Every structure is written in C-alpha cells, then in structure tokens.
Amino acid sequence: MINRDKPWLIRTYAGHSTAADSNKLYRTNLAKGQTGLSVAFDLPTQTGYDSDHVLSRGEVGKVGVPVSHIGDMRTLFEQIPLATMNTSMTINATAAWLLSLYVAVADEQGASRANLSGTTQNDIIKEYLSRGTYVFPPAPSLRLITDTIAFSTRELPKWNPMNVCSYHLQEAGATPVQELSYALATAIAVLDGVKASGAVPEHAFPEVFGRISFFVNAGIRFITELCKMRAFTELWDEIGRERYGITEEKHRRFRYGVQVNSLGLTEQQPENNVYRILIEMLAVVLSKNARARAVQLPAWNEALGLPRPWDQQWSLRMQQIVAYETDLLDYGDIFDGSAEISTKVEALKAEARAELAHVQSLGGGTSEEVIAYMKRKLVESNTARLHAIETGDTKIVGVNAFTTTEPSPLSAGSDAIMTVKDDVEYEQIERLKAWRSSRDAKAVAAALDDLARAAKEGRNVMEPSIACARAGVTTGEWGGTLREIFGEYRAPTGVALTMRAQSSEQLADLRTRVKALAERMGETPRFLVGKPGLDGHSNGAEQIAVRAADTGLEVIYDGIRVTPEQLVKTVQERQVHILGLSILSGSHVPLIRDVMQRLRAAGLSVPVVAGGIIPQDDVNVLKQLGVAAVYTPKDFDMNRIMDDLVTLIEKRVEEEAA
C-alpha cells in the first residue's frame with residue numbers, strides 16, 4: 001500500500017462585514033472540507049483604530065472583519081473550538097493585540113494555551129514596503145514582535161508568532177530575487193533583535209528559529225516560482241546552520257503558507273483566472289521538498305470585487321481535487337536530479353545571497369536607510385513590470401493579447417460579486433457604543449494604565465494586553481495608548497517625482513503638451529495623487545505618480561492614509577489643477593462622495609479622477625458624483641491615462657479662459 005503524504009492545510013482567506021457574518025462563513029467553509037482558518041481583518045482593526053474613528057469612515061468591514069473588542073472576537077469564533085483549530089491571522093501592526101484577544105477567548109473556552117496552533121503574520125517590514133498597515137516606527141514595532149515571540153515561546157509552543165510575508169512584496173513588483181532576499185533580511189532582523197533583547201533564553205532560541213514561518217506568493221512563471229521555493233528552503237537551512245548554529249534539522253525546516261498571486265488576476269476575461277490560480281498553486285505543491293504547509297487561493301473574480309461564497313468554494317474545490325483525487329501525494333520529489341531545476345535554483349540562490357549581503361551592509365532590515373532602499377527598488381521593479389505589459393513584451397491573455405472574446409456568463413448579473421452593505425458600518429459603530437457604555441470604566445482605565453507602564457518600562461506587553469482584552473478595552477484604545485508612547489510612522493514612498501531623460505514617442509508628445517500648458521498657464525500643472533482612508537495598497541498610486549512626473553507634471557504625493565479634509569485642504573493651499581484618488585479597499589463611494597462634497601463646499605472646481613477595484617455600477621455612481629474618469633485594473637496603458645489627465649487640464653484651462 002502506498003504511504004501517502006498528508007495534504008497541506010487547506011484554507012480560504014476570508015472575513016467581511018461583521019463578526020457574526022464572518023463566523024457563519026467560517027463554519028460553512030469548514031463544513032465544506034476546509035481544514036484551517038485564515039482571518040482577514042478590516043483596515044481599522046489592522047491599523048489600531050476603532051470603527052468610529054475619522055479615518056475608519058467607509059472602511060469598516062470592507063476588506064475584512066471588524067474586531068473592536070473581545071466581544072467581537074468571541075462572536076468571530078463562536079462554535080469553533082480553538083483548542084483544535086489551526087488559525088492564521090493576517091495582522092501586523094496590531095498583532096500583539098489580536099493575539100491577546102484570541103488567547104483571552106481561548107482561555108474563556110477552556111482551551112489549553114499549549115494546544116493553540118496557528119500564525120500571526122506580524123511582519124511590519126513588508127508593511128513599510130508594500131501593504132501599508134503599519135502604525136509605529138521600526139524600533140518599537142520590532143519590540144512588539146519580540147514580545148509576541150517571547151510570549152509564544154513560553155505560553156504557546158505550537159503557535160507561529162511571526163509569518164515573514166513576501167506575498168505582498170511580489171504584489172508590489174518584487175522580482176524572485178528581491179522576494180527571496182528581502183524576506184530573509186526581515187527574518188534575520190527579527191531573529192537578531194530577539195537575540196539582542198535577551199527576552200528568550202539561549203537554550204530556547206532554536207525553538208524560536210523553528211517557529212518562524214513564511215507566507216509567500218506564487219506567480220504565473222511556473223518553473224521560476226517552483227525554483228524560488230526550493231531556493232527558499234535551501235537558503236533558510238543555510239542561514240540556520242551558518243548564522244545561528246541551529247543543529248537540529250527539524251528546527252531549520254522552511255515552513256511556509258502561500259496565497260497564489262492576486263496581482264496577475266485580470267478584470268478582462270476573468271474566467272481565465274481559474275487556470276492562472278491552478279498553475280500557480282502547482283508551483284508550491286508539486287515539489288515535495290519545498291511543498292507549502294498551507295495553501296489559500298484567491299477567487300477567480302477578485303479583480304472585479306469581493307467574491308461570493310460560491311466563488312470561494314470553487315477555489316476550495318480546486319485544492320481538494322489536487323490533494324485528494326490526484327496521485328501527487330503518493331510520490332517523492334519529482335524534480336530531484338533535474339539539471340534545469342538545479343541550475344535555476346543555484347542561480348536564484350547566488351543572486352539572493354548577493355542582494356541579502358548588500359541589504360545587511362546597509363544596516364539590516366529595520367534600518368530606515370534599508371527600508372527606503374528596498375522600497376525604491378520595489379517601485380523600480382514594478383515600473384519595469386508594467387512597462388513590459390504596456391509594450392507587449394509581457395503577454396497577458398485577454399489583456400494585451402488574444403483580446404477578442406465572448407461575454408462571460410460567469411460575471412453577468414447584478415449579483416456577480418458580493419458587496420458590503422452601507423449599514424454595516426453604522427451598525428458596527430452602534431454596537432461599539434453599546435459595548436463602551438456597558439463595561440467597567442475603572443477596570444478599563446486600570447488595564448490601559450498597566451499597558452502604558454509596561455510599554456514605558458520595557459516589560460512584555462502581552463499579558464497586560466490580555467488583561468486589557470478581558471477588561472473590555474477596544475482596539476482603538478489599545479492602539480491609541482501605544483501611539484502616545486511609541487509615536488507614529490510614515491514610511492518612505494519610494495517614488496522619484498522627477499522626469500526621466502528617456503521617453504517613448506507617445507510620452508514625448510505628452511511632454512510637449514504639458515510644456516505648452518505650462519507656458520499658457522504661467523506655471524507647471526500640479527497633479528495631486530491622494531489615498532484617502534486607510535487603504536495601504538499604494539502600488540497603483542505610486543506608478544501613476546511616477547508616470548505623471550515623467551510627463552512633466554508637478555506631482556504631489558505624500559503616501560497613504562489621509563482624510564478627505566486633508567486632501568481638499570491640499571488642493572486649496574497648493575492650487576492643484578487635477579486630483580487623482582486611488583482606493584482599492586472597496587470604500588471608494590463613501591470616501592469620494594466626501595471629497596466631492598468638500599470640494600464643492602470650498603468652491604473648488606478641480607477635475608477629479610479615480611482608480612481602484614471598482615465595479616461598473618459604482619463607476620456610474622462616481623461619475624454621477626462628478627468624477628471625470630474612473631480607472632480599474634483593465635486600464636494598464638498608463639500613457640493613455642496620462643493623455644486623459646492632460647486633456648482634462650487643457651479643457652479646464654480653456655473653460656477658465658472663456
């Protein structure tokens with residue numbers, strides 16, 4: 001009889017609207033054969049704000065589930081036994097808080113802490129570089145990560161307190177070498193920090209090393225991605241042996257989960273995404289020696305909006321067919337001995353070692369110089385990636401090749417994607433108000449006071465945070481207390497807002513038009529690129545800012561996390577000639593409505609354009625609000641977008657002259 005390997009953990013990344021709705025979704029997916037949970041939190045939760053904070057407007061329940069206090073966490077895991085569940089929580093800046101809430105609920109369930117298994121992502125460096133849900137500066141952020149690692153080593157022996165996340169690096173444009181080297185640099189920075197802190201006894205350090213897991217991305221270049229994962233496993237083993245002296249092989253194993261590439265999902269001919277997702281999954285499950293420990297797949301229609309339960313089920317069934325119907329798990333590594341694979345793996349390892357050494361020479365993963373360097377390199381790589389798509393050097397079926405198509409019945413109809421109702425935010429805020437009024441205010445104040453003292457004194461914040469959870473402290477109160485002590489951080493944008501020397505024929509024409517505009521206006525046209533709300537997906541905004549500067553426009557871009565009020569103030573003070581709003585979190589309608597109302601109230605007639613993952617119905621709503629143009633993932637030709645922007649400025653100048 002063949003001795004089959006066990007399948008990887010089969011997950012679906014999920015969470016939206018409310019804790020009750022998300023709990024229902026989790027229990028449904030578990031009943032369908034999912035074997036682990038992967039929790040998506042909404043942006044206020046990820047950035048340490050309560051649902052009624054000004055920056056939370058429009059963001060509540062959109063990209064994940066709002067968890068404002070232990071009551072929400074109880075509801076989220078109702079009828080789900082945490083003692084036997086493996087739970088991955090995609091949480092970073094507020095990881096210590098969400099882990100505290102999780103542990104507090106597990107304690108209430110009577111689950112032994114020794115049995116809790118799962119992962120907190122807890123990778124703040126990739127937040128600075130790509131995802132944008134950071135809160136605190138690098139040093140205190142590293143301190144919080146160290147606290148969770150030390151606490152988990154002592155209390156949660158089956159928990160992975162850090163999940164080094166290269167997934168978002170690739171989403172931000174990272175090459176395979178950059179994904180390898182920057183992720184490994186992050187792990188080294190954290191491990192060195194733990195060693196230097198003295199928070200973990202020397203004899204326990206191999207266990208710490210063994211509990212560092214990774215969360216990676218698998219793109220469409222199947223062979224390269226497969227080789228990247230084999231390179232990851234070999235480089236991690238090498239770092240464990242040579243840098244940290246880890247002698248036990250089990251502690252040096254590269255343990256990783258994966259979500260396959262969402263960046264490559266297309267709005268055009270979205271049914272093609274099914275094949276992309278399957279091919280990308282094969283890259284991380286075919287090679288036994290580098291097989292993922294957990295896999296979660298996006299849905300085929302995520303480039304259109306929030307997937308429905310049926311769409312998630314389709315991706316779940318894809319995993320189950322590969323795991324249970326094929327003979328994949330019956331055999332050893334089918335790529336061992338392949339000359340082509342070995343050559344590619346060695347080449348990736350050599351390049352990654354060189355880039356990692358360069359990062360280390362600049363000061364390591366948490367130095368601000370290195371963060372700025374890595375961010376700049378990612379923006380450059382993403383620029384090159386998009387340029388290759390624009391020119392056709394990189395072919396994407398349905399986008400810039402083989403574009404003739406039949407209408408897709410899968411994406412037809414008003415219910416083709418799921419939307420979060422507008423009243424979700426109001427109802428969450430009302431529940432939050434009721435929670436605050438019903439708790440023991442003295443107990444809350446005492447718990448927050450102890451948390452503040454722990455942060456100031458250098459004590460581990462985990463037990464004080466668990467005490468805060470039990471007392472009924474809210475996410476915003478926990479985050480606000482530590483903001484006062486640690487301060488807040490604004491990561492570098494990585495964007496060079498200067499016109500490059502080289503240009504295409506089309507770009508040269510645009511530059512001529514911008515120059516003529518500047519002569520007519522007596523000043524260079526100013527373009528404000530804004531990201532209202534909490535959305536940290538800045539890749540598109542960065543590329544638009546870079547290309548606009550290349551056309552000769554004066555670009556104003558200060559990064560993520562600004563309020564509509566701040567944007568309108570900038571339009572007024574800087575006398576902006578066109579405003580671009582980038583929102584990928586699903587909060588585009590309420591936030592843009594707010595911006596447009598404020599512009600009108602201030603008497604400003606500046607043209608506004610918007611970009612994001614915006615369904616057609618919402619495109620119509622935005623245009624009714626007065627937005628001049630809306631761009632979605634199908635609009636990959638950035639010179640055409642620049643042509644539109646320049647035309648809008650020209651029309652405005654002509655109208656003012658008339």
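Which residue takes a positive phi just after H1? I looked this up in the predicted model and found Gly33, with a phi of about 110 degrees.

**Entry 1: helix H1**

I then turned to the helix itself. H1 spans residues 19-31, 13 residues in total. From its first C-alpha to its last it reaches 18 Å, close to the 18 Å expected at 1.5 Å a residue.

I checked which of its residues are buried, and found Ala19, Ser22, Asn23, Leu25, Tyr26 and Asn29. They lie on the same side of H1, because they cover an arc of only 160 degrees around the axis. An α-helix has 3.6 residues a turn, so residues three or four places apart point the same way. On the face turned away from the buried side I noted the exposed residues Lys24 and Ala31.

I next asked what covers the buried residues of H1. The cover includes strands S2 (13-14) and S3 (37-40), together with helices H3 (70-76) and H13 (309-325).

I examined S4 (residues 86-90) and found it mostly covered, with 5 of its 5 residues buried. Asn86, Ser88 and Thr90 point one way from the strand, whereas Thr87 and Met89 point the other way.

I followed the pairing of S4 to S3, which is parallel and runs over 4 bridges. Here Ala40 stands opposite Thr90 of S4. S4 is also joined by 4 bridges to S5 (residues 117-120), again in parallel. In that pairing I recorded Ser117 of S5 as the bridge partner of Asn86. I traced the chain from S4 through helix H4 (residues 95-109) to S5 and noted a right-handed β-α-β crossover.

**Entry 2: the sheet of S11 to S15**

I read the strand order of an open sheet of 5 strands as S12-S11-S13-S14-S15, with parallel pairing. Its edge strands are S12 (554-556) and S15 (629-631), each of which pairs on one side only. Neighbouring strands are turned by 20 degrees against each other on average, direction ignored.

Ala610 has Val630 of S15 as its bridge partner.

H21 (residues 539-551) touches S11 (526-530), S12 and S13 (578-582), and its direction makes about 170 degrees with that of S11. H23 (residues 588-601) touches S13 and S14, and I noted about 160 degrees between its direction and that of S13.

Key: Residues numbered from 1 in each chain as written. Predicted model: local features only at pLDDT ≥ 70, side-chain atom pairs only at ≥ 80, totals over all residues. Heavy atoms only, no water. Pairing = 2+ DSSP bridges. Helix = DSSP H or I, 4+ residues; strand = E, 2+ residues; numbered from the N terminus. Axes fitted to C-alpha atoms, helices over the stretch in contact; angles between N-to-C directions. Contact = heavy atoms within 4.5 Å. Expected span 1.5 Å × (residues − 1). Buried < 20%, exposed > 50% of the residue type's maximum accessible area, 1.4 Å probe, protein only. Arc of directions from axis to C-beta. Right-handed = clockwise from strand over helix to strand, strands pointing away.
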